[in-house]
Amino acid sequence: MASEKEVSNGVEWRIKIADGSSERLVPEANPASRLLLGLKSFVVGLALKVWKFLQKAWDLGVDDPRKVIHCLKVGTALAIVSLFYYTRPLYEGVGKNAAMWAIMTVVVVFENSVGATLYKSLNRVCGTFLAGFFALGVHSVASQSGQRFEPIIVGASVFLLASAATFSRFIPSVKARFDYGAMIFILTFSLVSVSGYREDKLFEMAHHRISTIIIGTSLCIIISMLICPIWAGQELYSLTTRNMDKLATSLDGCVEEYFKDSGSVVESNKECHKKLQGYKCVLISKAAEESMANFARWEPGHGLFNFRHPWQQYLKIGSSMRSCAYCLEALNGCINSENQAPEYIKKHLNNSSLKVSSNSSSVIRELVITIKTMKKSSNIHSLVGEMNSAVQELQNDLKSLPKLFNPPSMPEADTPENKKIEPISRTMGKMPLMEIVPLLTLASLLIEIATRISGIVDAVEELENLAKFKHASNDKC
């Protein structure tokens with residue numbers, strides 16, 4: 001039942017309920033107010049999104065200030081090359097279209113690292129020069145063939161050379177070093193050849209284009225190498241050492257996580273999780289390593305590295321590390337397995353397993369020191385020997401594991417000691433196989449990891465010979 005009540009601002013509607021209370025009815029807002037509320041919520045939501053974006057951008061710049069410096073370097077290069085437009089002598093010297101090619105070259109060529117900038121710059125210059133050379137040759141031949149055969153010769157040359165250059169991009173050696181140059185060759189040759197059919201001053205146009213591209217690439221190389229340079233070789237070197245550290249930490253963390261007491265799970269949960277996930281960085285770093293190694297080959301000598309430093313050897317080291325990381329991923333599955341071996345069986349392999357992981361991680365950390373100092377280690381062979389002896393000890397413990405399930409026969413007696421031993425021996429004799437499978441898998445994976453670590457040692461020793469590392473003085477005698 002509704003009643004009407006006069007108020008000063010208008011009419012107020014209330015509903016009387018059976019228990020005597022009343023409820024006020026709020027009138028619906030008109031379309032204008034609803035539109036205003038919607039617009040207000042949209043503006044507030046947009047402002048919050050912009051604020052979050054600015055916070056993420058700020059955090060990104062704080063985490064890696066080199067990205068901010070790279071942005072400033074690109075802006076500096078574009079500001080300098082824009083002088084071709086603003087300064088009349090330069091503008092008249094290179095022309096309108098050539099100035100545009102200089103700006104386009106800076107935008108396309110300037111990369112974060114020195115090696116990537118050199119790779120694109122040299123490929124662009126060489127591809128443009130070769131394309132201009134072939135285009136002028138084709139134009140001279142076609143122009144002497146008459147107006148009837150000129151478009152046929154130009155079209156056939158574009159078809160043949162563009163097809164051949166495109167096919168060359170599928171060759172692995174060409175794709176690794178000259179893929180960008182082949183693409184620039186196809187683009188420039190097609191543009192110059194087609195435009196030369198209607199252009200009278202083809203040689204002058206090609207000369208302006210090549211000269212401005214050389215100016216743009218030279219400016220990018222100079223700024224990239226002189227202002228806070230980022231070397232791809234140094235990045236590859238740092239990535240390799242970081243991954244080796246993470247691999248050693250994950251190896252120790254996985255084995256300690258499996259054999260630790262259940263009471264310490266909550267205390268070190270975050271720390272152990274961080275240790276266990278380190279090997280995943282090794283698994284996902286293949287593409288980054290290949291890209292850095294490709295760019296590092298173009299860089300001049302810098303820091304500790306010569307011009308012909310064996311960067312490809314770092315890829316072999318990374319491949320050996322990933323083979324160990326795959327075993328760690330399988331080992332991590334043993335930790336999360338629902339079937340777990342009893343504590344007395346774990347204690348049988350506890351010391352030998354921890355010893356294998358400790359010695360294996362020591363070998364990896366010694367290799368990290370070798371790469372960082374670029375000096376041959378005098379302790380690596382002794383550490384590898386300790387790792388192999390620990391593996392042999394673990395194998396002996398595995399061979400003695402069946403004795404826990406088949407204990408030797410004991411003389412029957414009614415002493416209290418024999419009454420206590422009898423239930424335990426029965427329990428050990430009836431142990432299900434599924435409960436010890438994760439433990440046996442972990443032990444076999446540790447043995448396999450030690451074998452694959454020997455592959456890392458061989459790869460690092462090959463790097464020592466190729467890069468001519470110096471001998472380190474043994475201070476631990």
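F133 is exposed in this predicted model, with a relative accessible area of 57%. F134 is partly exposed, at 36%. The two rings form an edge-to-face aromatic pair. The chain around them has 477 residues, with 19 helices and five strands.

**Aromatic rings**

- Nine aromatic pairs turn up in a search of the whole structure.
- One of them joins F133 and F134, with ring centres 5.9 Å apart and planes at 80 degrees.
- That pair counts as edge-to-face because its 80 degrees is over the cut-off of 60.
- Two values describe a pair of aromatic rings: the distance of the centres and the angle of the planes.
- One aromatic cluster is made up of Y119, F178, F295 and W298.
- K120 lies over the face of Y180. The distance to the ring centre is 5.2 Å.

**Helix α6 and A131**

- Helix α6 covers residues 114-143 and contains A131.
- A131 is buried, because its relative accessible area of 0% falls under the 20% cut-off.
- Leaving aside residues up to four places away in sequence, A131 touches F185, T188 and F189.
- A131 and F189 are 58 residues apart in sequence. Their C-alpha atoms are 4.6 Å apart in space.

**Helix α15 and its end**

- Helix α15 runs over residues 343-373, which makes 31 residues.
- At 1.5 Å a residue, α15 should span 45 Å. Its end C-alpha atoms are 43 Å apart, so the two values agree.
- α15 also has a kink of about 45 degrees, centred on N350.
- M374 is buried, with a relative accessible area of 11%.

**Positive phi at C228**

- Most residues other than glycine have a negative phi.
- C228 has a positive phi, near 45 degrees, and is a residue other than glycine.
- C228 sits in the loop between α9 (202-226) and α10 (232-259).
- C228 is partly exposed, with a relative accessible area of 44%, whereas M374 is buried.

**Helix α19 and T441**

- T441 belongs to helix α19, residues 437-467.
- T441 is partly exposed, because its relative accessible area of 29% lies between the cut-offs of 20% and 50%.
- T441 and C334 are 107 residues apart along the chain. Their C-alpha atoms are separated by 7.3 Å.

**Whole chain**

- Of the 477 residues, 38% count as buried. A131 and M374 are buried residues.
- The chain exposes about 28400 Å². Carbon and sulfur atoms supply 62% of that area.
- Take the contacts between residues at least 6 apart in sequence: 77% of them join residues at least 24 apart.

Terms used: Residues are numbered from 1 along each chain as its sequence is written. This is a predicted model: local features need pLDDT of at least 70, side-chain atom pairs count only at pLDDT 80 or more; totals for chains, interfaces and linings use all residues. Side-chain values use heavy atoms; hydrogens and water are left out. Helices (H or I, at least four residues) and strands (E, at least two) are DSSP runs, numbered from the N terminus. The expected span of a helix is 1.5 Å times one less than its number of residues. The bend at a residue is the angle between axes fitted to the seven residues ending there and the seven starting there. Rings of Phe, Tyr and Trp (its six-membered ring) pair if their centres lie within 6.5 Å; planes under 30 degrees apart count as stacked, over 60 as edge-to-face and the rest as tilted. Buried means under 20% relative accessible area, exposed over 50%, partly exposed in between (1.4 Å probe, protein chains only). A charge sits over a ring if NZ of Lys or CZ of Arg is within 6 Å of the ring centre and within 35 degrees of the ring normal. Contact means heavy atoms within 4.5 Å. Accessible areas come from the Shrake-Rupley method with a 1.4 Å probe; for residues, only the protein chains shown count as cover.
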